[in-house]
Structures are given as structure tokens and as C-alpha cells.
Amino acid sequence: MKKVDLNCDLGESFGTYQKGRDEEILDFVTSANIACGYHAGDPSVMRKTVKLALEKEVGIGAHPGLPDLMGFGRRPMQISPEEAYEMVVYQVGALYGFVKAEGGTMQHVKPHGGLYNMAAKDGKIADAIAEAVYDINPDLILFGLSGSELVKAGERAGLRTASEVFSDRTYQEDGSLTSRTLPNALIEEEEQSVEQVVRMVLEGKVKCLQGMDIPIKADTICIHGDGPHALQFARTIQNGLKASDIKIEQIRNIEG
């Protein structure tokens, strides 16, 4: 039986601004990527989300991003590899402290948004991120876009990596995600999304927007928990995987 991890970006509220339905979405995922205060989140939200994940026995990961709350960490920003290293150490270290204080263990690190996309293509930024994760704890698993420079950098650094695919995003022929600024970047039909993720897991292929199949490796599937129909979407993905005899398992319990 094929196994796959199901992850979601969480803890993205800030102050009085509430985003997502974290407590409910945690019932459908096996790994949580918790914002660390740069693109979203704050100390109170971080602690609350860590506690919720521990209560629901969901694997905890840090979700470090670019320092841009207003742009939600998605706007382009020129940074050096040294700055990337420092940003990741700072943010992962902050969440690491909350996880330890609550008696838990951090499982993984997944960069967010603009930082994630930069690391997918820029080998120097990817190496800096992988080095930062390794220096904090070499037992952490590094999540990166399937086939990306970040996955390669993690392997070079001696980290265990998890190749990530997306349930609600379309792909380009080079394996990159379609930019959110372009048409058809998001998949809004549940059946289409289920068909895509099942095929990625079972066949190792995905149909890109240019119409051809491209190879892809699916260790963990990202779903987003902040849309208007997020819970129904998560339930549909979960049911679709199970119906295809794919077991949903926390990434640290899946053999690499």
C-alpha cells in the first residue's frame, strides 16, 4: 500500500486578524507547517497552534517566510544566502522553543511562499536554507517542491527530505508551480484535485498546463486551510486518497 503525508500551512493569524480554521483542519492532516512570525503568526498564535497540533498528534513543522506581513511573504524580495540562513535560523529557533516548552518534538521545516519559490530555483538560497536547518537539528526533515533545488540542497546537506506536491495548484512543464498572478494557477474543482493527487502518488506523474505529463515525486501533499471551503476540500482529498488505497501517514513514519 502506498503511503503519503498530508500537510497544511497553519498558525497564520496575527493579533486580532484571524485566518483559517486551524483547530478543525488539524483533524484531516498528519503534518502542520506553523508560521513563525515573519509572513504571519505571532508568539501567542504560535504557542496556541503548537498546543493544538500536539493534542491532535499532528507532526509539527516550522514555516519560515520572508519578513513581509502585509504581503504575506509572497512578494519578491532580494536577499543574500547569508540573510536566508539567518532568517531561517531565527524563525525555526523561535518555534523550536515553543515546541520544546510544550513537551513536543519538531518534525520538519517547510519554507513559505516567496522564500519557498526562490529556494526551488536558486541553488545558493536553497543551500543556505538547508544549512540553517541542519545546524539547528540534523534530524529535521526538509520539505521542498518535488524536483526542486531545495530538495537537492537538503540531500547535499545530509538532511532527510520530503518531496512536496500540491493538491490545489497547477504545474508548468519545468515542474514549477504556476504563478498565482497567472490564470488557472489554482484548482477549484474538488474532483480535479483528487484526480491530480492520486495520480501523483500512484503514477508519479502530473499533467502540466501545457498539456503534457511530467514526472513528479509525492512524499507529502499540501492542502490549504484558509479557503471558504477548506474543510470540505480537506475531507474530499482525504476520502479520495483512502478510496485509492493510499494510506495517509505522518512523514516521519514513512520510510524514505
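Student: Are Lys110 and Asp9 buried or exposed?

Tutor: This is a predicted model, in which local features need pLDDT of at least 70 and side-chain atom pairs count only at pLDDT 80 or more, while totals for chains, interfaces and linings use all residues. Residues are numbered from 1 along each chain as its sequence is written, and side-chain values use heavy atoms, with hydrogens and water left out. Buried means under 20% relative accessible area, exposed over 50%, and partly exposed in between, with a 1.4 Å probe and protein chains only. Both Lys110 and Asp9 are buried.

Student: What does Lys110 form with Asp9?

Tutor: A salt bridge is a side-chain nitrogen of Lys or Arg within 4 Å of a carboxyl oxygen of Asp or Glu. Lys110 forms one with Asp9, and their closest N and O atoms are 3.2 Å apart. Lys110 lies in the loop between strand S4 (106-109) and H4, and Asp9 in strand S1, so the pair ties together parts that are 101 residues apart in sequence. Helices (H or I, at least four residues) and strands (E, at least two) are DSSP runs, numbered from the N terminus.

Student: How many salt bridges are there by this rule, and which residues are linked in a network?

Tutor: The count comes to 13 salt bridges, and Arg199, Glu203, Lys207 and Asp213 are linked in a network of them. Within that network, the side chains of Lys207 and Asp213 meet at 3.7 Å, N to O. Lys207 is partly exposed, with a relative accessible area of 48%, and Asp213 is also partly exposed, at 35%.

Student: How should I read the largest pocket, and which residues are closest to its centre?

Tutor: On a 1 Å grid over the protein atoms alone, a pocket is an open set of points where a 1.4 Å probe fits, with protein on both sides within 12 Å along at least five of seven lines, and lining residues have an atom within 4 Å of a point. Grid points are joined across faces, edges and corners, and a volume is the space filled by probe spheres set on the points. About 780 Å³ of space lies in the largest pocket. Of its 39 lining residues, Gly113, Tyr116, Asn117, Arg169 and Leu177 are the closest to the centre. Helix H4 (113-121) supplies the largest share of the lining, seven residues.
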